[in-house]
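Look over the sequence and the model first, then read on.

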Amino acid sequence: MTEPNNVCVLVAEIPGADRIAEALEPAEARRALERCMHRIDLAIEAHGGTVERRADARACASFRRGDAAVLAICEMFDRVQSLPPLRGLRMTICVGLHCGTGADDAELGATRLAEVAKPGHALASEAVVTQLSATGRQFVAASASRNPALAGLGWTAFAVARQPAAASTPADKPVEPRVRVRHGQDTLFVDHARPVVLLGRELGNDIVISDPRASRQHARIERRRDGFVLIDQSTNGTFLADDSGKESCIKGAELVLAGSGRIGCGFSANEVERELVFVDIV
């Protein structure tokens, strides 16, 4: 008999939704919740997750790998944290991540972890953590959470951090490289703190490209253990040109970033175009 597939499920919730509804006008409260949920959706999609169920203040998504789910958690926390407060209220989320032998089992476990997680925190079950590679493991606490609410579950769970766990390293250790991303007046960095930068026409992206040739979620720049890559997920392709003008085009593929260059989302990077994105490793 075939063994059931192991399913990795993430549940993200906005705690205190009732309090938000009471503090704001109805239309304003709906917009605040939807804006927060939209950022959660973007983080899930950016890391290959599939939204299985979605409500006004809760999303359930499945992932093929635990590493991708952990990176999605880090990104959704960064995205939600960057939302401006409304009338003094700052949006936050609770997240649970669990692997089970079926979708229902995994979702139930993830839901329980999300319910006991404190606002602004995420918990991953030991079943997830044991499957993580070194890339995902660096975002998980080294020791199990001491949250007393976990005692009733009978599970061991670990906190997921938005940044890699600090390690004791020599003071003279060389600074790790990062990618500087420039577009118009905006400058972002792809590094430990922000391992992914999203490019696209949709307003929820980190870099918003207004050119109609760009897709809603066009491409992303991702930090990996061995370097940085540009990943296309668009209709018209992503173009990368170096300082000499030599250009490469990728479509549904990825390209290693080296040195400096410029990116065209759906158009040649050698065009004189104000929507070009400039990248360099610093």
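A salt bridge is a side-chain nitrogen of Lys or Arg within 4 Å of a carboxyl oxygen of Asp or Glu. Side chains of opposite charge can pair when their charged atoms come close.

This is a predicted model, in which local features need pLDDT of at least 70, side-chain atom pairs count only at pLDDT 80 or more, and totals for chains, interfaces and linings use all residues. Residues are numbered from 1 along each chain as its sequence is written, and side-chain values use heavy atoms, with hydrogens and water left out.

**Salt bridges**

The structure holds 20 salt bridges. Glu13, Arg53, Arg58 and Glu107 are joined in a network of them.

| Glutamate 107 | Arginine 58 | 3.6 Å |

Where do the partners sit? Helices (H or I, at least four residues) and strands (E, at least two) are DSSP runs, numbered from the N terminus. Glutamate 107 pairs with arginine 58. Glutamate 107 is in helix 4 (residues 103-116) and arginine 58 is in strand 3 (residues 58-63), so their bridge ties together parts 49 residues apart in sequence.

**Buried or partly exposed?**

Buried means under 20% relative accessible area, exposed over 50%, and partly exposed in between (1.4 Å probe, protein chains only). Glutamate 107 is buried at 14%, and arginine 58 is partly exposed at 23%. Glutamate 176 is partly exposed at 37%, whereas arginine 223 is buried at 16%. Arginine 213 is partly exposed at 30%.

**Serine 234**

Serine 234 sits in the loop between strand 12 (227-232) and strand 13 (238-242). Serine 234 is buried, with a relative accessible area of 14%.

What does its side chain touch? A polar contact is a pair of N or O atoms within 3.5 Å; within protein, one must be able to donate a hydrogen and the other to accept it, and residues adjacent in sequence count only if both atoms are side-chain atoms. The side chain of serine 234 makes one with the side chain of aspartate 232 (2.6 Å). The serine 234 side chain also reaches the backbone nitrogen of glycine 237 at 2.9 Å.

Contact means heavy atoms within 4.5 Å. Leaving aside neighbours within four places in sequence, serine 234 is in contact with Ser215, His218 and Lys251.
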